Amino acid sequence: MALANVISSFPDTNIRVLQEVSTDPVSDNSFFVVETEQTEALERELSADHTVEESQRVSSYEDWPVYSIRFTPETLLLGSVVTEQNGFALDAYQYEGGWIERWQLPDRESLQSVWEYANDQSFDFDIHKMYQISESNGQDDTTITDKQRTALIYAYNNGYFEKPRGTTLEEIADALDISTTAASGRIYRGMKNLIESSMKEISS
């Protein structure tokens with residue numbers, strides 16, 4: 001898995017792919033935003049990560065460092081298979097020790113091809129949500145998952161968003177029987193998706 005060692009060493013750090021339109025279609029480099037101020041420790045982990053062939057800090061985005069990374073040939077990446085099926089990635093970010101990716105694919109057969117490749121490579125791959133663009137008049141719906149909804153409802157009902165807070169992140173994690181990292185991720189991503197969905201409704 002891409003950045004396996006880095007994710008293991010920085011479990012509480014948000015790592016996401018920076019989407020960009022390249023003028024160099026044959027480039028093997030990907031760009032990642034890493035929300036950490038521990039850049040020296042991060043760069044040591046990047047150098048030691050067995051999936052990273054080369055890495056370089058190239059810029060900043062939203063005040064966080066951006067790294068250009070080229071992976072080793074042995075690294076399992078689903079993005080290239082998605083591209084082969086005439087699909088493309090909409091979003092990708094580190095979550096609970098792995099990755100969540102959003103893709104747009106032309107049909108169910110192309111998704112089946114990606115699924116079969118993942119199984120052949122013994123890649124742990126789950127589908128969380130699937131929808132057709134035609135169902136939303138050509139727009140990309142932004143919805144929250146059941147786990148995100150549960151975490152948000154519990155946090156809201158127990159005063160997590162009040163000042164002073166009526167509960168802590170640790171208490172939410174204990175109540176849901178998950179790690180604090182998972183609780184933080186579900187609340188953060190759930191709120192992000194709700195805001196994006198509300199903005200789309202306003203603009204339309």
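Visitor: Which residues are exposed on the other side of α4?
Guide: Arg 108, Glu 109 and Asp 120 are exposed there; exposed means over 50% relative accessible area, buried under 20% and partly exposed in between, with a 1.4 Å probe and protein chains only. This is a predicted model, where local features need pLDDT of at least 70, side-chain atom pairs count only at pLDDT 80 or more, and totals for chains, interfaces and linings use all residues. Residues are numbered from 1 along each chain as its sequence is written, and side-chain values use heavy atoms, leaving out hydrogens and water.

Visitor: And which ones are buried in α4?
Guide: Ser 110, Leu 111, Val 114 and Ala 118. They cover an arc of only 105 degrees around the axis, which puts them on the same side of α4; the arc is that of the directions from the helix axis to the C-beta atoms. Helices are DSSP runs of H or I with at least four residues, strands are runs of E with at least two, and both are numbered from the N terminus.

Visitor: What covers them?
Guide: The cover includes α3 (79-84) and β6 (98-104), with contact meaning heavy atoms within 4.5 Å.

Visitor: Switching to α2, what is buried there?
Guide: In α2, residues 39-48, the buried ones are Thr 39, Leu 42 and Leu 46. Their arc is only 60 degrees around the axis, which puts them on the same side of α2.

Visitor: What does the face turned away carry?
Guide: That face of α2 carries the exposed residues Glu 40, Arg 44, Ser 47 and Ala 48.
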